[in-house]
Amino acid sequence: MRRWRKKRRIFKSKVRIKAKKRVLKEEKITRGVSPLVEKYWLQRYDLFWRYDEGIKLDEEGWFSVTPEEIAVGHAQRCTGAGVVIDCFAGVGGNAIQFARVCDHVVAIDIDPEKVALAMNNAKVYGVEDHIDFIVGDFFQLAPSLKGDVLFLSPPWGGPSYKMTKKFTLDSLKPKDGHSLFQVAQKITPHIIMYLPRNVDLLEVEQLSWLSSPPLDIEIEGNTVRGHFKAITVYFGDAAITQLCLPQTLSGAACKVCI
Ligand code: MGP
Ligand code: SAH
């Protein structure tokens, strides 16, 4: 009799655990979060502090958006700048912060769904009137673009970017980093690039040599609550020039603050 009761208790607790698991699974489905996105969903308030006010993201948006604290830092560098062009705007993480401190922002993305999401998110932050949204290919639009600062946050090839020890610039999408930088430089030398934390820093420095004289460069490590997330590279006036010592091999002023 006692053994039978024990068996019944075990059976009941197994049923309870199964039911709990089913509820958790259903919760995930109802909030529309795929297993890939789950990790980023848990960080949703780091990505957008006003997430609960109607922010929307798609799958690529979840794993690519710049966390708000980092985007605020990028924007602070551009305070008072005339026109900032966000060439790969995604769901608007950066464009929104630029719009809060600059005269005007041009936000470009090749994916119409991203542009719709970025517009929605800009409305949540009340900055939609300061942003021109463009659906288009940056490389095609580049010859006709005019701006004071260019922000480059291209695709890194998905979350698997960290599978390699050193991320080389030829892995950036849809074109390699050198080609991208060359196109960007024709618009303005004041460029900010958001790159993987495992990027090859020597290659990054070499980008500044594509200009003569070499562009000033500052390399910054970005953390969110102590977690190393990414690297931002500031070129031209976007870098802190006079204070950036020691000199690099090229003679360009460089500050590495990782
Ligand atoms: P991550 O490394 O995928 O996340 O992305 P996390 O939480 O650091 O993962 P962990 O498991 O290593 O701890 C870190 C940050 O990089 C994201 O929040 C995005 O801002 C940025 N990021 C990631 N990807 C895959 C891209 C991308 O393809 N393009 C751009 N522009 N940014 C990206
Ligand atoms: N910084 C953004 C995330 C950018 S992710 C944010 O905070 O939300 C990179 C984006 O580049 C993706 O949304 C992708 O659709 C876009 N993209 C890819 N190729 C492009 C191209 N040729 N021109 C413009 N955008 C492109």
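This note goes through the two ligand sites and then some single residues of a predicted model.

1. Ground rules. In this predicted model, local features need pLDDT of at least 70 and side-chain atom pairs count only at pLDDT 80 or more, while totals for chains, interfaces and linings use all residues. Residues are numbered from 1 along each chain as its sequence is written, chains are lettered from A and ligands numbered from 1 in the order in which they are written, and side-chain values use heavy atoms, with hydrogens and water left out.

2. Surroundings of ligand 1. The shell around ligand 1 holds 20 residues, with Tyr40, Val65, Ser153, Tyr161 and Arg197 the closest; a residue is near a molecule if one of its heavy atoms lies within 4 Å of it. By class, this shell has ten nonpolar, six polar and four charged residues. Here Ala, Val, Leu, Ile, Met, Phe, Trp, Tyr, Cys and Pro count as nonpolar, Asp, Glu, Lys and Arg as charged, and the others, Gly among them, as polar. Helix H2 (35-41), H4 and strand E7 (227-235) each give at least two residues to the shell around ligand 1. Helices (H or I, at least four residues) and strands (E, at least two) are DSSP runs, numbered from the N terminus.

3. Contacts of ligand 1. Which side chain has an N or O atom 2.8 Å from an oxygen atom of ligand 1? That side chain belongs to lysine 39. A nitrogen atom of ligand 1 is 2.8 Å from an N or O atom in the side chain of serine 153, and a backbone N or O atom of serine 64 lies 3.3 Å from a nitrogen atom of ligand 1. Taken alone, ligand 1 exposes 660 Å², and the protein buries 91% of that. Such accessible areas come from the Shrake-Rupley method with a 1.4 Å probe; for residues, only the protein chains shown count as cover.

4. The pocket. Ligand 1 sits in the largest pocket, and the largest pocket is also where ligand 2 sits. On a 1 Å grid over the protein atoms alone, a pocket is an open set of points where a 1.4 Å probe fits, with protein on both sides within 12 Å along at least five of seven lines. A molecule sits in a pocket if more than half of its atoms lie within 2 Å of its grid points.

5. Surroundings and contacts of ligand 2. There are 23 residues around ligand 2, and Thr66, Asn94, Asp109, Asp137 and Phe138 come nearest. The shell around ligand 2 divides into ten nonpolar, eight polar and five charged residues. An oxygen atom of ligand 2 is 2.7 Å from an N or O atom in the side chain of aspartate 109. Taken alone, ligand 2 exposes 590 Å², of which the protein buries 95%. Helix H4 (59-64), helix H6 (93-101) and helix H8 (138-141) are the elements that give two or more residues to the shell around ligand 2.

6. Is each of them buried, partly exposed or exposed? Serine 179 is partly exposed, with a relative accessible area of 26%, whereas leucine 180 counts as buried at 1%. Buried means under 20% relative accessible area, exposed over 50%, and partly exposed in between (1.4 Å probe, protein chains only). The side chain of serine 179 makes a polar contact with the side chain of aspartate 176 at 2.6 Å. A polar contact is a pair of N or O atoms within 3.5 Å; within protein, one must be able to donate a hydrogen and the other to accept it, and residues adjacent in sequence count only if both atoms are side-chain atoms.

7. Backbone points to check by eye. The peptide bond from lysine 173 to proline 174 is cis, with omega near -5 degrees, and proline 174 is found in the loop between strand E4 (149-152) and H9. The bond from serine 212 to proline 213 is cis, with omega near -5 degrees. Arginine 225, in the loop between E6 and E7, has phi near 45 degrees, a positive value in a residue other than glycine.

Terms used:
1 Å grid on protein atoms, 1.4 Å probe; cavity = no way out; pocket = protein on both sides within 12 Å on 5 of 7 lines; lining within 4 Å.
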